[in-house]
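Dear colleague,

I am handing over the structure that you will find just below, together with notes on what was found in it. Please read the notes with the structure open beside them.

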Amino acid sequence: MNEQVTVYVLSDSVGETAELVVKAAISQFSESKSRIRRIPYVEDVGTVDEVVREAAENNGLIAFTVVIPEIKQRIIQEAQKQGIPFYDVLSPLLSMVEDRLGEAPKNESGLIHTLDEDYFRKVEAIEFAVKYDDGRDPRGILRADVVLVGVSRTSKTPLSQYLAHKRLKVANVPLVPEVEPPEELFTIPPERVIGLKISPEKLNGIRTERLKALGLKAQANYATIQRIEEELRYSADMMERLQCQVIDVSAKAVEETANIIYQMVHPHQSR
């Protein structure tokens with residue numbers, strides 16, 4: 001047979017799931033003999049009747065991902081009446097999961113896209129953290145959920161990334177005695193700024209190891225106790241000016257500090 005077949009894909013949401021299943025099936029056949037017509041957001045029986053009539057006229061097939069009971073039943077009823085082969089993508093799996101969990105499905109359309117939106121929020125937050133890392137663009141300070149400030153090697157960047165996975169948009173700004181912080185830092189509410197402090201001894205160890213990893217001399221000014229103490233005094237004064245909350249990261253892992261920050265921002269949410 002050289003007949004072309006049209007598969008009508010109906011959904012009470014976007015319809016991507018059913019379309020992907022149908023594409024996977026028809027990819028096993030000659031592409032020129034198959035085509036897909038997706039009909040998203042089917043929420044009334046009138047649309048169902050119209051599509052079923054068209055499918056009958058074109059000798060088509062029907063596949064659907066519909067969880068609204070009355071719409072699903074209408075598709076099945078009308079397809080059977082017209083003698084149209086149909087495939088319910090979700091119901092067999094829903095039934096299996098329901099039997100195993102002993103819990104009825106929610107029968108709400110579009111729930112998978114709620115998950116998608118959550119995923120895209122995370123991606124957006126990660127991109128935000130990269131773009132506004134290390135004070136490279138002060139405009140990010142105004143858009144951030146949280147702004148981290150502290151001297152070099154207080155884990156500002158890894159904290160920004162960790163918090164981004166919790167969907168927080170984080171900018172971070174290094175505090176250096178020779179460089180005045182961006183003026184935007186003083187225009188946002190103090191509760192959105194979090195200072196990171198650290199003991200001189202701990203910072204000296206971290207910076208010394210950093211220099212070794214870069215193949216540089218450990219005696220460089222960057223890692224001396226005198227320079228570190230100067231930076232930490234400046235940092236403490238700046239945090240007092242900002243009137244921000246301060247966390248001592250000397251003995252904390254990044255994950256622990258990140259959870260503390262998250263609870264500061266969302267005090268009523270669980271970790």
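Strand β3, residues 61-65, is mostly covered, with 4 of its 5 residues buried, where buried means under 20% relative accessible area, exposed means over 50%, and partly exposed lies in between, all with a 1.4 Å probe and protein chains only. Please keep in mind that this is a predicted model, in which local features need pLDDT of at least 70 and side-chain atom pairs count only at pLDDT 80 or more, whereas totals for chains, interfaces and linings use all residues. Residues are numbered from 1 along each chain as its sequence is written, and side-chain values use heavy atoms, with hydrogens and water left out.

Helices (H or I, at least four residues) and strands (E, at least two) are DSSP runs numbered from the N terminus, and two strands pair if DSSP finds at least two bridges between them. On one side of the pairing list, strand β1 (residues 5-11) runs parallel to β3 and is joined to it by 5 bridges, with Phe64 in β3 as the bridge partner of Leu10. Strand β4 (residues 86-88) also runs parallel to β3, through 3 bridges, and here Ala63 stands opposite Tyr87 of β4. From β3 the chain crosses through helix α3 (residues 69-82) to β4 in a right-handed β-α-β crossover, a term that applies if, with the strands pointing away from the viewer, the path from the first strand over the helix to the second runs clockwise.

Within helix α3 sits Gln73, which is partly exposed at a relative accessible area of 46%. The C-alpha atoms of Gln73 and Val45 are separated by 9.7 Å, although the two residues are 28 apart along the chain.

**Nonpolar cores**

A nonpolar core is a set of buried Ala, Val, Leu, Ile, Met, Phe, Trp, Tyr and Cys residues joined through side-chain atoms within 4.5 Å. The largest one has 18 residues, and those with the most contacts inside it are Val146, Leu148, Leu163, Ile194, Leu196 and Ile261. Two or more residues each come from β5 (146-150), α7 (156-164), β7 (193-197), α9 (225-242) and α10 (254-265), and α10 gives the largest share, 3 residues.

Beyond its neighbours within four places in sequence, Leu163 is in contact (heavy atoms within 4.5 Å) with Leu168, Val170, Ala258, Ile261 and Tyr262. Apart from this core lies another, of 17 residues, including Leu185, Val193, Met239 and Cys244.

**Ser235**

Ser235, in helix α9, is buried, with a relative accessible area of 4%. Not counting residues up to four places away in sequence, Ser235 touches Gly150, Val151 and Leu175.

With best regards
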